[in-house]
Amino acid sequence: MIKLTITTSMEISDEEKAKIEKVFAKKYNEEIYPVYLIDDAIIGGIIVFDGEKVYDGSIRNQLTRLNNSLSE
Amino acid sequence: MMNDLLLELPLGIDLIKILLHLLNFLILFVALTFLLYKPIIKFIHKRQDDIKKQLDDNANLKKEAENLKEEYQSLLKNADAEIEEKQKTAEKNANALANETLNDAKLKSEEIIKNAIEYAELEKQRIATEMKENISDIAINIAKEILDKDIKKEDNERIIDECLKEWSENND
């Protein structure tokens, strides 16, 4: 079993949670143990952390990457 | 007979007396020659020699003076030529120094101008970069503000779905 820390900017529906768990269970080919956190600093989207790797799909990350590309 | 002849000369002339006078004259002559004439001649000769020597000395001195005069004139001439040469050299050196100073000043001013242009270019680039960063920061902040306020639950879940789709495809 793998523990996943799932961060969103607001509360998500159970259906959405089910989708997330399904995708990562297939990815790891293992049962997962999700921990849901709310952090409005990410603005929107999702961040998933498995203890080693980070999957950052947050709007904050996208805006930061956009800022960096504009600064170059 | 001889005495008679002698006594009988006309006009009362006494031959003995004449002879005595002649002898007297002769003695006087000889005496004067040895006592007066020879010393005087000797003195005159010595005087002549002295005068000649003095004249010779004067001639030598005059010649020496003329030689010295020539020598000094030659030295003066050489000195004039040397002075002229030194003046020309000094003038040439002064001109060379002036030209060198001018060239140095020109090079330095060109260097200053070049550095100023480079600095201005760097400043321009720096300001442009800074402005770009500032503008992008402002744009990002504005986007953040707008999204923070306006993002809805459905939009958020749609964004999450897109991320899940992308991560699934990468897994495949």
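User: Where is Asn29(A) found?

Analyst: Asn29(A) sits in the loop between α1 and β2 of chain A. Helices (H or I, at least four residues) and strands (E, at least two) are DSSP runs, numbered from the N terminus. This is a predicted model, in which local features need pLDDT of at least 70, side-chain atom pairs count only at pLDDT 80 or more, and totals for chains, interfaces and linings use all residues. Residues are numbered from 1 along each chain as its sequence is written, while chains are lettered from A and ligands numbered from 1 in the order in which they are written.

User: What is phi of Asn29(A) near?

Analyst: Near 60 degrees, a positive value in a residue other than glycine. Most residues other than glycine have a negative phi.

User: Is Asn29(A) buried or exposed?

Analyst: Asn29(A) is exposed, because 8 other C-beta atoms lie within 10 Å. The cut-offs are 20 or more other C-beta atoms within 10 Å for buried, 12 or fewer for exposed, and partly exposed in between, with C-beta atoms placed from the backbone.

User: And Ile43(A), buried or exposed?

Analyst: Ile43(A) counts as buried, because it has 21 C-beta neighbours inside 10 Å. Ile43(A) lies in the loop between β2 and β3 of chain A, and its phi is also positive, near 70 degrees.

User: New topic. What pattern does chain A follow along the sequence?

Analyst: The pattern is β-α-β-β-β-α, from two helices and four strands.

User: How do β1(A) and β2(A) run?

Analyst: They run parallel and are joined by seven bridges; strands pair if DSSP finds at least two bridges between them.

User: Which residues have the most contacts inside the largest nonpolar core?

Analyst: Among them are Leu4(A), Ile6(A) and Phe24(A), in a core of 16 residues. A nonpolar core is a set of buried Ala, Val, Leu, Ile, Met, Phe, Trp, Tyr and Cys residues joined through C-beta atoms within 7 Å.

User: Which elements give two or more residues to this core?

Analyst: β1 (2-8), α1 and β3 (46-49) of chain A, together with α3 (153-171) of chain B.

User: How many residues of chain A are in contact with chain B?

Analyst: 21 residues of chain A are in contact with 20 residues of chain B, where contact puts C-beta atoms, placed from the backbone, within 7 Å. On the chain A side, α2(A) supplies the largest share, six residues.

Technical notes: Two residues are in contact if their C-beta atoms, placed from the backbone, lie within 7 Å.
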